[in-house]
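This briefing is meant to be read with the sequence and the coordinates at hand. Please keep both in view while going through the points.

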Amino acid sequence: MTKGMRKYFKKKIFWFVITFIAAVILNFILPRLMPGDPVNSIVGKNISPGATQEQVQEQIAYYQHQFGLDKDIFGQFWDFVKNAFNGTFGVSYSQYPRLVSDIIGSSIWWTVALQLPAILVGWLLGNLLGALAAYKRSFYDKALMPVTLFFSAIPAFGAAVILLVVFAVNLKWAPVNGAFDPGMIPSFSWKFISSVIAHYQLPFWSIVLISIGGQAVGMRSMSIYELNADYVKYARFLGIKDKKIVRYVFRNAMLPQVTGLAMSIGAMVGGALVAETIFSYPGLGMSMYAAINSSDYPVISACTLIITVMVLIASFLLDIIYAFIDPRVKAAQFD
Amino acid sequence: MKNTLRNVFHSPRFLVGFIIFMIILLTVLIYPWFVHRDPLQGLGKGFLEPGTYLSVYDANDTDTYRVELPEAAANRLEASLPTEDRQMMIDYLKAMGVDVSGLDTSNEKMEDLLVAWNANYDEADAKKNKYEGFATQAKRNALRRLDNKIKSSNSNVTMSVVKGEGDDATVKTVNGNDFVKVDEVANSVNLPLGTDNFGRDTLTELVEATGISLLIGLIAGSIATLLGLLVGLLAGYVGGVLDDILMFIANIFTVIPGFVLLILIYSALGAESRGIVTCAVIIGITSWVWTARSVRSQVISLRNRDHVNLSKLSGHSLFRIVTTDILPYIASYVVMAFILQVSSGILAEAQLSMLGLGPNPNELPTLGLMMNWAKLFGAYTSSNAWWAYFPVIMVIALISFSLNLMNTGLDQVFNPTLRD
């Protein structure tokens, strides 16, 4: 490992830690700015109509103690951090006394298993298509470009809705919602796994489709830019084979695409989470949707914290990968 | 300036994008002059299919004209014989031993089917109870009713309409070839995109929602661009500690997804306090980071150019240097960033609304709210009401498409290396 790389990694780790802390603080503070007291609404729901003023007060005090809201702001923050690190994320407001981890525990894995492969496949396919379009530059490129631009303008949820209506509702090729047949109990049987795979298709392809468009457009213009660069012209004059030149061009055009993925992954995950809710896929998007509709702030902030951390880790990993493929970082000249 | 504008409008991409965007904008502005309906007013209950709706009562009361339409009987049959009935006819013919290989339930085969039916159906025959699948009384009655319907479909049939009650009742006879003129019917409504789940006219609602969403995009885009420009200029031109602090904040917010921030702020606000402008402003102040970073890096590269140094030596004020020596160089970039911010602002609103975090739904419709209502009331699945969501998706796609086209067009004008 060169000195430059070490410096680069140190810088990246520093920013990872700083943003992580900032994310935790924001997740703590923002929900506490909300108007209205969550305890009042729970007490209002649970208390019997004939209760006296003292009983109501008693109940409020009880729940405030349960949620730790009777402590000062630093005490609450300490609880929040503690709960985040032991993975329980505290007690849910709307489904008291269930733990937040109980509610969203399995949804994380559904989301990871859906979005990670889908975004990667979409990114790869998009880059391949973009590079091909740039290299061919023929009629197809000219004709397909506006079409691709239009399709990449369709929002994530729009693509999801169209896929759902065409393939699930009308053609009945795939199930309409969920991650497996509602009558099934998760197990390692062939029947269950095939049901999971059938339910996986539409959400997966809708996320792939969304990511292809944008990536292809970006990769195409990057590749065109590189193909017009002086080193390519020089290499052509030298008589270097096209195949070899294309390899250089592709590699150089890839670099900004890796950074681009690191930067856009947050937005992509956001779009994909909304797409999840269209298919009622039991991931974080769905948990968040349910929590938002029942004003369950601990669940919302747990979901957002998990998403933020996932995005942070993804972009951190991409930064590390970037260091290995960018010769400039290796050569210790990186800023 | 004039020259630049001419170049920009000579770019085909920009021009196409600009035209699409202007068409959308003009539609939003002009439509209310012609249709005065309140976009949130419910006209009926639930989803109505697109089409023109005439009041049956008024149609009966309107003067009738005799029109001899040659295909009237066929049309009436086509409309009154659903697929199930046609299938039953085919099943019966099959049971009778007729060759049904050339028949199906489509409108094109209607005539053949009727010929075969009239040749082979015989009520007395059916009563003999010898055909498989048509042995029960209920089935035989169904067949008889079907036969009656077919026999009485010619244009000479009449129908009696009774108006009023008791002794005051009048009877009006309607002939099979009596027609009313659509614009003479007292009450009719044209719903080109049907109604949504609340019974609202989807087209009127869509136009209004498009306007609101464009407004949200414009407000969010302006705020994001202005903030980004300000921060970028300060960080880039002033530099020093200010640069460090601003970039520290910017670095944090580049990695924390803006989407997550929006969810946290919106859910903290509560539905009642989320007005249109509030929503737009919040989207704006959470998405300035990219503009700020790019402006900063461009300003840094401009800061030490000769013309800027000359300005400094001449003792020009900071404001003058920034406005005359720096801004013109980054103006094209800022315009492009603004266009992208508008498009992503509209998208952000739509996505948040889909999660149930949209602007207050009782005030005004937005594109995102319309999508969310379509989802909540089963337009995709149970109701299969394409008119409630598909036009919305297309409008969102067209807006982003036109803005993206304008952006790539500008990019090609200002970055000649990208030119085709």
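Predicted model: local features only at pLDDT ≥ 70, side-chain atom pairs only at ≥ 80, totals over all residues.

Chain A has 14 helices and zero strands, and its residues are divided into two domains, domain 1 (3–85) and domain 2 (107–327). Chain B is likewise divided into domain 1, made of 2–43 + 202–418, and domain 2, made of 66–188. The two chains meet through 39 residues of chain B and 51 residues of chain A.

**Chain A as a whole**

- When contacts in chain A are limited to residues at least 6 apart in sequence, 74% of them join residues at least 24 apart.

**Domains**

- In chain A, the centres of domain 1 and domain 2, taken over C-alpha atoms, are separated by 33 Å, and the contact involves 13 residues from domain 1 and ten residues from domain 2.
- Helix H1(A) supplies the largest share of the side of domain 1 of chain A that touches domain 2 of chain A, namely ten residues.
- By class, that side of domain 1 of chain A has ten nonpolar, two polar and one charged residues.
- In chain B, the centres of domain 1 and domain 2, again taken over C-alpha atoms, are separated by 57 Å.

**Packing of H1(A) against H13(A)**

- Helix H1 (residues 3–32) and helix H13 (residues 297–325) of chain A have axes that come within 10 Å and cross at roughly 170°, and because of that angle H1(A) is roughly antiparallel to H13(A).
- On the H1(A) side the residues that meet H13(A) include Met5(A), Tyr8(A), Phe16(A), Phe20(A) and Val24(A), while those on the H13(A) side include Tyr297(A), Ile300(A), Leu305(A), Leu312(A) and Phe316(A).
- Lys12(A) in H1(A) and Asp319(A) in H13(A) are also among the residues of this contact, whose members divide into 13 nonpolar, five polar and two charged.

- On chain B, the elements that give two or more residues to the side touching chain A are helix H10 (240–255), helix H11 (258–269), helix H15 (318–354), helix H16 (367–376) and helix H17 (386–414).
- H11(B) contributes the largest share of this side, nine residues.
- The residues on the side of chain B that touches chain A divide into 25 nonpolar, 13 polar and one charged.

**Nonpolar cores**

- The largest nonpolar core has 161 residues, of which Ala160(A), Leu164(A), Cys303(A), Leu262(B) and Tyr389(B) touch the most other members.
- Leaving aside neighbours within four places in sequence, Leu164(A) is in contact with Val169(A), Val176(A), Leu202(A), Ile278(A) and Phe279(A), and also with Tyr380(B).
- A second, separate core of six residues includes Met89(B), Leu113(B), Ala116(B) and Leu143(B).

**Leu357(B)**

- Leu357(B) is placed in the loop between H15 and H16 of chain B, and it counts as buried because it has 25 C-beta neighbours inside 10 Å.
- Beyond its neighbours within four places in sequence, Leu357(B) is in contact with Ile292(A) and with Ile263(B), Tyr266(B), Ser267(B) and Leu352(B).
- The C-alpha atoms of Leu357(B) and Leu269(B) are separated by 9.6 Å, although these residues are 88 residues apart along the chain.

- Ser280(A) lies in the loop between helix H11 (242–278) and helix H12 (284–293) of chain A, and its phi is near 50°, a positive value in a residue other than glycine.
- By way of background, most residues other than glycine have a negative phi.
- Not counting residues up to four places away in sequence, Leu255(A) touches Ile325(A) and Asp326(A), whereas its C-alpha atom is separated by 17 Å from that of Val232(A), 23 residues apart along the chain.

Key:
Residues numbered from 1 in each chain as written. Chains lettered and ligands numbered in written order. Domains from an automatic or database assignment. Core = buried A, V, L, I, M, F, W, Y, C linked by C-beta atoms within 7 Å. Buried ≥ 20, exposed ≤ 12 C-beta atoms within 10 Å, placed from the backbone. Contact = placed C-beta atoms within 7 Å. Helix = DSSP H or I, 4+ residues; strand = E, 2+ residues; numbered from the N terminus. Nonpolar A, V, L, I, M, F, W, Y, C, P; charged D, E, K, R; others polar. Axes fitted to C-alpha atoms, helices over the stretch in contact; angles between N-to-C directions. Parallel < 35°, antiparallel > 145°, perpendicular 65-115°, else oblique.
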